[in-house]
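Try each one before reading its solution.

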Amino acid sequence: MNDFILIMEKMAQGGSALSHLPDGRVCFVDGALIGESVLVELTQQKKDFAKGFAKKIVEPSLERVTPFCPLYGKCGGCSLQHASMKFQEQAAREVVEELFVRFAKEKLPPGWKIHFGSPFHYRNRARFVRNGKQWGFRARDSHDIIPLSDCPILSSGLAQALKEDSIHWPWVPELNVFDNGDGCVSFYHEKMSPSESLKKSENTVSLMGQTLSMDASVFFQSNLGLLPELVKTVQNAAGTGHWLIDLFSGVGFFASFLQDQFDRVTTVERDSNCLRHARKNLSASSEEVSAPAEQWLGENAIEGVDTLIVDPPRTGIPESALRVLCKASPKKLLYVSCDPVTQARDFAILKTAGYKIVDAQGFGFYPQTSHFEMFLELQKG
Ligand SMILES: C[S@@+](CC[C@H](N)C(=O)[O-])C[C@H]1O[C@@H](n2cnc3c(N)ncnc32)[C@H](O)[C@@H]1O
């Protein structure tokens, strides 16, 4: 017997709803919302939990909406198109609050702010995969490829690039695409020669009065519409001072907006491709380091730093880097994260060293998906 009628108890990290099977095991259900009564078909059964999907909604939530993409449910890109934006925001709040309680026994400041932008056409960076002649995205829960001729969350530049025959490289399995929002879409694949890369991959982004150099091979934030909100939040929190350190700095993104607020600026980034961009994006007096953050922190004294920004990948801050940050005493530690799970786990460790949350803000950079960006301002004492 693989089908059950269950009432959804809450939303879980990852976009599924959580319920319990009659035998007491937790059951994660794709395509369902809190409060709904759902006919669930199980797809995976383990000793402690099971997974399934909503085969039929018996009693729908008032926040249920009709998914706007015909590929919804097949494409791995969006998992929450069946929820209103109001629901998505509330679900993000509850999931993040629960993570901080679970991992760090910490209540986020009451009424912490969440910023949301446009629900459609927001995504300016993507990786396309090839299926025969057509580009597409990976299917949900599999390595299959869903061919796409349109995608309602892509920026107009990327959606146009999908439609047009402007993308060449028929032998390339994966392609990074980046739309700078001003009509320039750039492309990168791993076999690109340096001269082709110079022509096809290089780009610049104009944001809040700055023009930033980047290329389609490196990390750059993927929601340009909402990005100024995050930059302003970081600018306000960073304050002014003598020394700013920006760890996991990409092309020197945050430092470029903060450099006038500090006498000394150090950026540290592992991807060496970022270095030449950071040199263009930052003033000549800044120090741009190409190294793993944990190695740099292990070899350099950071006493006297005023503001330290960390914006690590999904995996969070490496353990040895966390140990150094625990011993250090920056006036402010600003932690930007694209994965609240690892951020909450890292905060649990920072908390034992005396860091406290002064401000928390959330950024719905990826509407229709379960991904969510978080900002924390931390201080010791
Ligand atoms: C989420 S991105 C943030 C980049 C930048 N702060 C921005 O907003 O554009 C994380 C960056 O950390 C870099 N990275 C990953 N692991 C690293 C490590 N151990 N040390 C330094 N940089 C690392 C990645 O190459 C990537 O550029």
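**Exercise 1.** Find in which sense strand E5 and strand E6 pair, and over how many bridges.

*Solution.* Step 1: take strand E5 at residues 37–45 and strand E6 at residues 49–59; strands here are DSSP runs (E, at least two residues), helices are runs of H or I with at least four, and both are numbered from the N terminus. Step 2: the two strands run antiparallel, over 8 bridges, where pairing requires at least two bridges found by DSSP. Step 4: widen the view to an open, mixed sheet of 6 strands, ordered E1-E5-E6-E4-E3-E2. Strands E1 (3–7) and E2 (10–11) are its edges; each has a single partner strand, so one side of each lacks a neighbour in the sheet.

The model is predicted, so local features need pLDDT of at least 70 and side-chain atom pairs 80 or more, while totals for chains, interfaces and linings use all residues. Residues count from 1 along each chain as its sequence is written, and side-chain values use heavy atoms, without hydrogens or water.

**Exercise 2.** Describe which residues surround the ligand and how much of the ligand the protein buries.

*Solution.* Step 1: the shell holds 17 residues, with Gln221, Phe248, Glu269, Ala293 and Asp311 the closest (a heavy atom within 4 Å). Step 2: helices H5 (253–258) and H7 (293–299) each supply at least two of the shell residues. Step 3: a ligand nitrogen lies 2.9 Å from a polar backbone atom of Phe248, and a ligand nitrogen is 2.9 Å from a side-chain N or O atom of Asp311. Step 4: alone, the ligand exposes 590 Å², of which the protein buries 93% (Shrake-Rupley, 1.4 Å probe).

How values were computed
Polar contact = N/O pair within 3.5 Å; in protein donor to acceptor, adjacent residues only side chain to side chain.
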